[in-house]
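Subject: Handover of a structure

Dear colleague,

Please find the structure below, together with its sequence.

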Amino acid sequence: MRALVIVDVQNDFCEGGSLGVDGGAQVAGRITAFLDEHAQDYAAVVATRDWHVDPGPHFADEGTEPDYTETWPVHCVAGTGGAELHPELDTEFIDAQFLKGRFDASYSGFDGQLGVPDMVRSGAPEGTSGPFGATAAAATAVEEDAPGLDDWLRAEGINSVTVVGIATDHCVRATVLDAIDAGYDTSVFTDLVTGVDPERSEEALELMEENGAVLQTWGGTAD
């Protein structure tokens, strides 16, 4: 059985966000259009999100220019608008969400744990958590023993994954390579991803293919 893995289609990674990628909003809409036609082809549809509370040196120190390799501007802080899924992505198709990078740098969706980012639990703490303004309730969106993406997929009987999302040269690349390493038959829709740097994105796609991913195109359009 196959799952669709939607990587980090979040406001901060789309135009107008703190790490906006050109074409991010378009990819969000195209993924929704793809799901309108093909959701039934997948046994599960999951999404990953950066969900930062206090990721340490992943965020550049205040007053220091990020190097955009190891350090980055503040982005996708848990419980803030920038961490929300882009409104062009229809969340009705999504069966589960996996939150990553709460307390460290995290690129691969396989680092994520099952969470409920859009629900405030009864008795959830109030106020903020960490130095970047994450809401305390959002910081508790992942339970202590929540399964990771790999464990969840295996429990669902998934043996193949298709990966789409943002950004080709960072989190999509890491997720695809981890999926291959974990033994999944892995494919990527190259017209349902977008990257930060065009040249590095092409290199990332070549690396994915060299490691066994099948590159394909959907060819459809969003309305």
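How many of the 14 residues of H4 are buried? The number is 11, so H4 is mostly covered, where buried means under 20% relative accessible area, exposed over 50% and partly exposed in between (1.4 Å probe, protein chains only). Helices (H or I, at least four residues) and strands (E, at least two) are DSSP runs, numbered from the N terminus.

Please note that this is a predicted model, in which local features need pLDDT of at least 70 and side-chain atom pairs count only at pLDDT 80 or more, while totals for chains, interfaces and linings use all residues. Residues are numbered from 1 along each chain as its sequence is written, and side-chain values use heavy atoms, with hydrogens and water left out.

Helix H4 comprises residues 168-181. Its buried residues include Asp169, His170, Cys171 and Val172. Among the elements that cover the buried residues of H4 are E1, strand E3 (96-100), E7, E8 and helix H5 (198-210); contact means heavy atoms within 4.5 Å. Thr168 belongs to this helix and counts as buried because its relative accessibility is 2%. Apart from its neighbours within four places in sequence, Thr168 is in contact with Arg173, Val193, Thr194, Gly195, Ser201, Ala204, Leu205 and Met208. After H4 comes Gly183, with a positive phi near 95 degrees.

Helix H1 (residues 24-38) has 15 residues and should span 21 Å at 1.5 Å a residue, which agrees with the 21 Å between its end C-alpha atoms; the expected span is 1.5 Å times one less than the number of residues. Among the buried residues of H1 are Val27, Ile31, Phe34 and Leu35. The cover over the buried residues of H1 includes strand E1 (2-7), strand E2 (44-50), strand E7 (160-166) and strand E8 (185-194).

A cavity is a set of points, on a 1 Å grid over the protein atoms alone, where a 1.4 Å probe fits but cannot get out; lining residues have an atom within 4 Å of a point. There is 1 cavity of 30 Å³ or more, and the largest cavity holds about 150 Å³, a volume being the space filled by probe spheres set on the points. It is lined by 14 residues, of which Phe13, Leu19, Trp72, His170 and Cys171 are the closest to its centre.

Finally, the unreviewed UniProt entry carries the annotation "domain: Isochorismatase-like" for residues 3-107 and 147-218; such annotations may be inferred rather than shown by experiment.

Terms used. 1 Å grid on protein atoms, 1.4 Å probe; cavity = no way out; pocket = protein on both sides within 12 Å on 5 of 7 lines; lining within 4 Å.
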